Amino acid sequence: MVIVMKPIASQEDIGKIVEKMENQGYRVHKSVGDNYCILGLIGDTNKIDISQLEANAMVEKVLRVHHPFKLASRLFHHDDTVIQVGDCKIGKGSLAIIAGPCAVESEEQLMTIAREVKKAGAQFLRGGAYKPRTSPYSFQGLGEEGLKILRKAKEETGMPIVTEVMSHETFDVVEEYADILQIGARNMQNFALLKQAGKSSKPILLKRGMSATIEEFLMAAEYIMSEGNHQVILCERGIRTFETYTRNTLDLSAIPVIKELSHLPVIVDPSHATGKWAMVEPLSKAAVAAGADGLTIEVHHQPELALSDGGQSLKPEKFAKLVESVYRIASVY
Ligand code: PEP
Ligand code: MN
């Protein structure tokens, strides 16, 4: 349930309502916009008498939130959330570009790619040190050694690091090195991991599960937020459909749907969505045209030798061309 306070309501008026609701056992989330202050109530609000609350002279209106997600809902927080990492922003009109290899393979590989993506205009460097692979026989990532290489690349290029955290056991070490912690599609409903991410002070890049509905996706974000971490970036990365020509099917409609339902930034991963490098640029353009707040793109200088996802990785020159065209599209809006 949300209580919209009148624009003339003073801090004291707002405080009185907050106290009243807290005394009744609700958690109150306060969101202050340019004109309105919105109080989001968390708890079993079915017993609340709306007309009684609306009788308060300082209350504009009271709305029941029919979605199971609350903190992630736009009703609770009207303005777009902007996540600041160093000098870079994600959300509300600034197009964030995250790029790098699927996995950190060696210092030479990551440094080469990091320099190239930086030159092309990426703001964030991605790269997995702990890799969720379908086969236990495939390259699993360099672990902490990979994190150390990511840190070196950050020191040289200044780009903040986005890297995946896969498990409870490795959470602390990944958190130490990462600027943004990625939770992958396969872990979107690992509720224990989501709760742990909710206690972190670092932003979380949450990827949509390959068979998750948008509501389940937003409920996963809610898990993180309900533990206190409101810095969540949602990433549409393709879902499983009957179509097998592409690795997954990019659900472009998720962008406007999520923008309507939630205030959280939404980015798109066209690399995992398609599994084919030649489709990454057209779908990046489509994602930006549909309102995405950013892109995460796999780039490799020698895709034919990549230890994972070479077939969907762009060579640096192709990535540079993509960046130029998506910025042109973004400038139209
Ligand atoms: C990744 O981004 O490296 C990755 C493994 O993606 P996803 O979790 O979307 O499959
Ligand atoms: Mn990958």
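User: What makes Arg126 and His272 count as residues that surround ligand 1?

Analyst: In this predicted model, a residue is taken as near a molecule if one of its heavy atoms lies within 4 Å of it. The residues surrounding ligand 1 include Arg126, Lys131, Glu164, Arg186, Lys207, Arg237 and His272, and the shell as a whole divides into 2 nonpolar, 3 polar and 6 charged residues.

User: How do you know that arginine 126 makes a polar contact with ligand 1?

Analyst: A polar contact is a pair of N or O atoms within 3.5 Å. A polar side-chain atom of arginine 126 lies 2.8 Å from an oxygen atom of the ligand, so this pair falls within the limit. For lysine 131 the corresponding distance to a ligand oxygen is 2.9 Å, and for an N or O atom in the side chain of arginine 186 it is 2.9 Å, so these pairs also qualify as polar contacts. Ligand 1 has 300 Å² of accessible area on its own, and the protein covers 97% of that area.

User: Why are strand S12 and strand S13 called a pair?

Analyst: Two strands pair if DSSP finds at least two bridges between them. As a particular case, glutamate 236 has valine 268 in S13 as its bridge partner. Helix H10 (residues 280-289) packs on the sheet, where it touches S13 and strand S14 (294-298), and the direction of H10 makes about 170° with that of S14. Both S12 and S13 belong to a closed barrel of 8 strands, which runs S7-S8-S9-S10-S11-S12-S13-S14 with parallel pairing; neighbouring strands there are turned by 25° against each other on average, direction ignored.

User: What makes strand S2 and strand S4 edge strands?

Analyst: The open sheet of 4 strands has the order S2-S3-S1-S4, with antiparallel pairing, and strand S2 (27-32) and strand S4 (59-63) each pair on one side only. Within S4, lysine 61 is the bridge partner of valine 4.

User: Why is the phi of aspartate 309 remarked upon?

Analyst: Most residues other than glycine have a negative phi. Aspartate 309 is not a glycine, yet its phi is positive, at about 55°. Aspartate 309 is placed in the loop between S14 and helix H11 (316-332).

Key: Residues are numbered from 1 along each chain as its sequence is written. Chains are lettered from A and ligands numbered from 1 in the order in which they are written. This is a predicted model: local features need pLDDT of at least 70, side-chain atom pairs count only at pLDDT 80 or more; totals for chains, interfaces and linings use all residues. Side-chain values use heavy atoms; hydrogens and water are left out. A polar contact is a pair of N or O atoms within 3.5 Å; within protein, one must be able to donate a hydrogen and the other to accept it, and residues adjacent in sequence count only if both atoms are side-chain atoms. Accessible areas come from the Shrake-Rupley method with a 1.4 Å probe; for residues, only the protein chains shown count as cover. Ala, Val, Leu, Ile, Met, Phe, Trp, Tyr, Cys and Pro count as nonpolar, Asp, Glu, Lys and Arg as charged, and the others, Gly among them, as polar. Helices (H or I, at least four residues) and strands (E, at least two) are DSSP runs, numbered from the N terminus. Axes are lines fitted to C-alpha atoms, for helices over the stretch in contact, and angles run from 0 to 180 degrees between N-to-C directions. Contact means heavy atoms within 4.5 Å.
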